[in-house]
Amino acid sequence: MKTRQSYHTIEDFLISHPLTVDVEVEDEWSGSFPVKGVEMAATILFAELPDYYRLSFSLQTNEMLVYVNNFLAWINKAVETLGCCVLHRYLDHAVMLVFSAKFGSNDPFRDALCTARWMGENDVLRFSPCIGIASGVVTAGFTGIPKQYSAAVFGKPVVLAAAYAGAKPKGDYAMRITVADEEWGEKTIEEVFPPVEYDDPEQGRIKQPRTWELGRRRDIDLALAGRLSVRDIASFIHWMPEHSAEKKAGTWFDEIKRQGYYRDPFD
């Protein structure tokens, strides 16, 4: 069994792990630049906020700041609860989780699915992220210019996971996870998402009804990749709207102003 490694960021992992490529390139036009990274097999979970652009128009700028940081804190809670992955912030409207044996995962694809399931079953604030999951070889490496380096993850699984997240099917689902049909294979929803069981003082051992459904195979068209077959796993349990992060963003910002932590720059 793999031992879980405590890497908080991709940068943390790269600093503390032997690199698989470590060289300084001297280009005649661009000058000198480093190529430093780690190539590995991994599963990428790409979680995208579907309402990001709508909220950018409907919320105040500071309310949007509250909303995004609330989302990142919620994602980080999933990482801390389940482990075996590293959170990599991709864009303000999306995050990427990297699962690999190098982070202690015995089965990166299943661990990614379990993490996505946790999100769907703990989405009290109704972020309802669209999730894509893809596996393969990636390279985590440093990018940037001297004194301004950061880390990034490259590879086909990154692009595919993002594309799967954006390949929205029709339906009144609360949350949706999309994966390649080939990677899902012959798995059943009962096998991967077994019903939650708990002890009731009056009824004994209780098994909750199934809340996830496996969709039929469908084809999507991707630039360069062509037509790909995917499967959707969807939850149809909608959380109560009064607890939504959208409403709470306004409530939190009102409280910030009330307590004097906001100074209007236009006064």
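Arg117 sits in helix H4, which runs over residues 108–121. In this predicted model, Arg117 has a relative accessibility of 13%, and since anything under 20% is taken as buried, Arg117 counts as buried. What does Arg117 touch once its neighbours within four places in sequence are left aside? The list holds Ile177, the run Val192, Phe193, Pro194, Pro195 and Val196, and also Trp212. Ile177 turns up again below, as one of the residues with the most contacts inside the largest nonpolar core.

Stepping back to the whole chain, there are eight helices and 12 strands. The C-alpha trace spans about 70 × 60 × 40 Å along its principal axes. Of the 267 residues in the chain, 42% are buried. The exposed surface comes to about 15500 Å², with carbon and sulfur atoms supplying 53% of it. As for how the chain folds back on itself, take the contacts between residues at least 6 apart in sequence: 65% of these join residues at least 24 apart.

Among the elements, helix H6 (residues 181–184) has the highest mean pLDDT, 97, while strand E8 (residues 197–200) has the lowest, 70.

Now to the inside of the chain. The largest nonpolar core gathers 42 residues, and Leu45, Leu113, Ile133 and Ile177 are those with the most contacts inside it. Helix H3 supplies the largest share of this core, 10 residues. Another core lies apart from it, with 30 residues, among them Ile10, Val138, Ala140 and Ala167. Not counting residues up to four places away in sequence, Leu45 touches Val95, Met96, Leu97 and Phe99, then Ala112, Thr115, Ala116 and Met119, and finally Ile131, Gly132 and Ile133.

Cys130 belongs to strand E5, which covers residues 130–145. Is Cys130 buried or exposed? With a relative accessibility of 4%, Cys130 counts as buried. Leaving out residues up to four places away in sequence, Cys130 is in touch with Phe46, Ala47, Glu48 and Pro50, as well as Ala165, Lys168 and Arg176.

Helix H8 takes in 14 residues, 245–258. At 1.5 Å a residue it should span 20 Å, and its end C-alpha atoms are 19 Å apart, so the two values agree. Which residues of H8 are buried? They are Ala245, Ala249, Gly250 and Phe253. Viewed down the axis of H8, these buried residues fall within an arc of 150 degrees, so they line one face of the helix. On the face of H8 turned away from the buried side come the exposed residues Thr251 and Arg258. After H8 comes Gly260, with a positive phi near 85 degrees.

Notes:
Residues are numbered from 1 along each chain as its sequence is written. This is a predicted model: local features need pLDDT of at least 70, side-chain atom pairs count only at pLDDT 80 or more; totals for chains, interfaces and linings use all residues. Side-chain values use heavy atoms; hydrogens and water are left out. Helices (H or I, at least four residues) and strands (E, at least two) are DSSP runs, numbered from the N terminus. The expected span of a helix is 1.5 Å times one less than its number of residues. Buried means under 20% relative accessible area, exposed over 50%, partly exposed in between (1.4 Å probe, protein chains only). The arc is that of the directions from the helix axis to the C-beta atoms. A nonpolar core is a set of buried Ala, Val, Leu, Ile, Met, Phe, Trp, Tyr and Cys residues joined through side-chain atoms within 4.5 Å. Contact means heavy atoms within 4.5 Å. Accessible areas come from the Shrake-Rupley method with a 1.4 Å probe; for residues, only the protein chains shown count as cover. pLDDT is the predictor's confidence in each residue, from 0 to 100.
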